[in-house]
Amino acid sequence: MTEPEKSRPVAEPGKSRPVTTPAVPALSSAPAAAEAPLLEVAGVSKSFHVAGRRRLRALDGVDLRLERGETLGLVGESGCGKSTLARVLLLLERPDQGRVRFEGTDPFALRGKELLTWRRRVQMVFQDPFGSLNARLRAEDIIAEPWRTHRDLVPVKERGKRVAELLEMVGLRASDARRYPQEFSGGQRQRLGIARALALGPDVIVCDEPVSALDLSVQAQVLNLLTDLQARLGVSYVFISHDLSVVRHVADRVSVMYLGRIVETGPTEQVFDRPRHPYTAALMSAAPVLDVTPGARRERILLKGEVPSPLDPPSGCRFRTRCWRAQDVCAQEPPPLEPSGEEPLHAAACHFPLQEPVTVS
Amino acid sequence: MSLLELADLAVSFPSPDGAVHALRGVSLTLDPGRTLGVVGESGSGKSTAALAILGLNRGARVSGRIGFDGQDLLSLGEDRLREVRGSQIGMVFQDPLSSLHPYYTVGRQIAEAIRAHEDVGAKAARRRAADLLRLVGIPEPERRADDYPHEFSGGMRQRVMLAMAVALRPKLLIADEPTTALDATVQAQILELIMRLQREYGMAVLLITHDLGVVAAVADEVMVMYAGRVVESADSHTAFHRPHHPYTLGLLASLPGPRGQRLRPIPGQPPSLLRMPDGCPFQPRCDYAMHQCAATEPPLLTVTGGPAHRSACWLPSGAVGRDDGAERIRARAIGRKAS
């Protein structure tokens with residue numbers, strides 16, 4: 001049992017606490033790439049060989065764009081390709097086809113030291129705060145470990161100070177440096193995981209279900225922390241979550257995935273309030289909401305059946321086998337991801353997109 | 001008469017560091033055909049309560065009364081309890097894969113559950129297993145009955161568990177985080193299925209979950225647990241719109257709202273069940289803590305309007321809701337200026 005966590009408000013940007021410089025100066029001020037988006041993924045496909053000679057198409061022509069200081073929510077159900085996409089962004093998985101550009105540069109074309117430099121710019125926060133921290137390392141060693149690979153980043157004699165800064169930045173105490181992970185609560189461990197991700201001064205943090213293992217009250221603490229860190233450091237998040245209310249809270253834009261494809265993307269409010277793809281509409285209506293006004297229990301769009309196997313996806317539109325609007329053309333032509341007239345940033349991959357918001361009352 | 005009636009139920013586990021008080025003085029009633037949602041965070045005691053009803057708390061010290069259908073389950077011997085469990089009380093847990101036996105086909109497992117309680121032939125039991133699989137929406141039930149658990153998806157496995165749970169038409173279904181491991185669209189399907197089975201069989205449902213949205217979607221009544229105690233209970237509309245207990249208020253304020261709106265988390269974390277704070281267990285984290293909160297643990301008392309709304313808090317009974325008026329009452333009570 002750990003001792004109860006004392007309430008320690010995280011410093012808000014621009015408030016009382018002296019502004020700590022980011023533990024590591026961000027590289028992103030490189031002049032060359034002012035116009036290019038921070039991160040751009042275009043037409044990326046990735047297949048895996050499974051069960052002998054069968055091919056599992058985990059990603060099928062995925063487009064993605066991430067700007068500086070922005071949060072992109074990535075939503076979809078098990079097996080839709082979210083995690084594979086995350087691994088591509090982390091440069092852990094080389095796509096079969098398509099283009100990945102980081103400030104206009106193809107990181108997969110880099111080798112050796114250059115590649116290492118790029119790698120540190122995208123870091124990850126994992127779902128499981130228990131499994132993702134080495135139980136035999138002290139907090140200070142967990143945070144400092146990335147510097148053993150990226151040797152030149154922080155001089156050895158400054159590392160203790162940087163660890164203390166990082167701990168305080170995530171709402172832990174400098175004196176926590178000597179403690180082991182199991183001496184922390186779940187929420188504190190997740191803070192530790194965030195500190196480790198920040199240790200390399202990344203431009204992008206891929207957060208894979210970062211709060212789904214936490215209790216509601218602690219989840220809110222960590223979400224506030226992520227918001228504060230973004231305001232303070234200008235870091236971008238790719239935020240993967242199955243919890244739509246969490247995504248709605250943190251994301252500037254949302255991309256919805258189904259069976260390896262992006263079916264809808266756009267500013268968060270537009271996607272949530274006026275979903276255009278039937279799958280998005282069904283997903284939104286399935287999420288339980290806290291509206292218990294008598295008689296206001298919403299009609300859900302209950303989808304028939306289950307997600308087809310990614311080993312044998314349907315032809316044309318991959319959602320058509322479960323879609324109530326599907327027609328012949330849906331089986332023949334995969335619909336392109338296209339913006340709508342009134343909302344140029346809001347695109348859906350559907351031959352018969354929803355025009356009106358689906359009334360779910 | 002209530003189907004289920006817990007009175008002053010306490011469960012503790014011995015540990016090398018002293019007794020762990022997992023449940024203290026829990027009372028509740030549940031009528032046939034109704035759904036009671038039990039919410040709370042890890043360690044609040046919600047699963048312990050479910051396991052206590054089922055008599056599945058190994059090594060625990062249990063006291064109080066568990067009235068079910070006119071008998072006290074705590075006074076029953078293991079054999080009698082086994083008869084009740086499974087036939088009159090069905091259960092579904094979070095992880096269907098660890099609740100199903102990997103070596104046997106699902107049809108065989110459902111048939112076995114039926115034959116453990118009823119005198120029916122193997123063939124008839126198998127036919128009933130297939131019928132049950134159809135009832136819970138599994139396509140081609142006759143064929144699928146011969147499949148093994150690993151050949152089903154997570155959602156389908158949970159349907160199998162529900163088929164088994166309702167096989168003997170239980171009066172009570174205990175569902176402990178039944179949809180937590182499932183994707184959103186599958187979760188919606190399973191919740192819908194539970195509600196349909198409840199209507200068809202007239203079962204009472206005890207739904208345990210950490211997800212307030214799930215409770216709001218299906219429960220008639222809500223019970224909020226904290227550190228092994230019931231801190232608030234009410235019908236679900238009252239619980240979510242006019243809560244009295246600061247912990248319930250805190251949970252609602254922790255829910256992610258619109259973008260850019262800052263969340264108000266509850267500071268700190270729940271107390272250790274080994275070392276409970278004096279007085280109210282929530283008092284160290286409470287915004288409204290007063291002198292008496294640290295001195296005496298508040299009993300679960302009726303608050304405004306009807307006996308159905310109860311809260312274990314020393315704040316005035318009129319301080320219900322999340323609006324400014326309620327906030328003023330609370331501020332006055334603790335001698336703080338309303339902001």
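**The sheet and its helices**

Guide: Chain A first, as background: its secondary structure comes to 11 helices and 11 strands. The model is predicted. Chain A has 361 residues, and 53% of them count as buried. Its accessible surface comes to about 16,100 Å². Carbon and sulfur atoms hold 50% of that area. Take the contacts in chain A with a separation of 6 or more: 66% of them link residues 24 or more positions apart.

Now the sheet, in chain B. Eight strands build it, and it is open. Read across, the order in chain B is β6-β7-β8-β3-β9-β10-β12-β11. The pairing is mixed. Two strands of chain B form the edges: β6, residues 89-92, and β11, residues 301-302. Each of these pairs on one side only.

In chain B, β6 pairs with β7, which spans residues 172-176. The two run in the parallel sense, joined over four bridges. One residue pair can be named here: B:Ile89 has B:Leu172 in β7(B) as its bridge partner.

A helix covers this pair of strands by contact. Helix α7 of chain B, residues 154-165, packs on the sheet and touches both β6 and β7 of chain B. Its direction makes about 170 degrees with that of β6(B).

A further helix of chain B, α11, also packs on the sheet. Helix α11 takes in residues 246-254. The strands it touches in chain B are β9 (221-226) and β10 (229-235). Here the angle between the directions of α11 and β9(B) is about 100 degrees.

Notes: Residues numbered from 1 in each chain as written. Chains lettered and ligands numbered in written order. Predicted model: local features only at pLDDT ≥ 70, side-chain atom pairs only at ≥ 80, totals over all residues. Heavy atoms only, no water. Buried < 20%, exposed > 50% of the residue type's maximum accessible area, 1.4 Å probe, protein only. Contact = heavy atoms within 4.5 Å. Areas by Shrake-Rupley, 256 points an atom, 1.4 Å probe, with all protein chains shown as cover. Pairing = 2+ DSSP bridges. Axes fitted to C-alpha atoms, helices over the stretch in contact; angles between N-to-C directions.
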